[in-house]
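Have the sequence and the model side by side as you read.

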Amino acid sequence: MENQGIKIDVVESRSKARRIKLHKECRVTFLKKDGSIRKMHARMDGGLPTKGGVSTLDPTKYTTVWDVDSGGYRAINNDTIIELEVLA
């Protein structure tokens, strides 16, 4: 996958997505749907329940995390992760 001159190895990106699920806290850089790059401080154990209590996103395509800086749930496309730094 390539966008804005950034090449993303989808297999490697999916591997990073699996690593997010194994750790409690990380910094993740990914390509957003609009083509911009986003850096996020994320946690797997969010602060508040999701609206309705259950995510409706396909877990094979998206990883739902708690955005520490913005204080809300965010979905990361498993195929567009550029960089992952495990914090805890």
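Where is Asn78 found? Asn78 sits in the loop between β6 and β7, where helices (H or I, at least four residues) and strands (E, at least two) are DSSP runs, numbered from the N terminus. Is Asn78 buried or exposed? Asn78 counts as buried because its relative accessibility is 5%; buried means under 20% relative accessible area, exposed over 50%, and partly exposed in between, with a 1.4 Å probe and protein chains only. Asn78 and Arg18 are 60 residues apart in sequence, with 8.5 Å from C-alpha to C-alpha in space.

A word on the model itself. It is a predicted one, in which local features need pLDDT of at least 70 and side-chain atom pairs count only at pLDDT 80 or more, while totals for chains, interfaces and linings use all residues. Residues are numbered from 1 along each chain as its sequence is written, and side-chain values use heavy atoms, with hydrogens and water left out. The average pLDDT of the chain is 81, and 78% of the residues score at least 70; pLDDT is the predictor's confidence in each residue, from 0 to 100.

Strand β3 (residues 25–31) pairs with β4 (residues 37–43) in the antiparallel sense over 7 bridges, and Cys26 stands opposite Ala42 in β4. On its other partner, β7, β3 runs antiparallel with 5 bridges. Val28 has a bridge partner in each: Met40 in β4 and Leu84 in β7.

Two hairpins are worth a look. The hairpin of β3 and β4 has 5 residues between the strands, and there Gly35 takes a positive phi near 95°. The hairpin of β5 and β6 has 4 residues between the strands, with Gly71 at a positive phi near 70°. Strand β5 (residues 62–67) and β6 are joined in the antiparallel sense by 6 bridges, and Tyr62 stands opposite Asn77 in β6.Asn77 leads us to the largest pocket, where Leu31, Lys32, Lys33, Asn77 and Thr80 are the closest to the centre of the 10 lining residues. About 210 Å³ of space lies in this pocket. A pocket here is an open set of points on a 1 Å grid over the protein atoms alone, where a 1.4 Å probe fits, with protein on both sides within 12 Å along at least five of seven lines; lining residues have an atom within 4 Å of a point. Strand β6 gives the largest share of the lining, 3 residues.

How values were computed. Pairing = 2+ DSSP bridges. Points joined across faces, edges and corners; volume = space filled by probe spheres on them.
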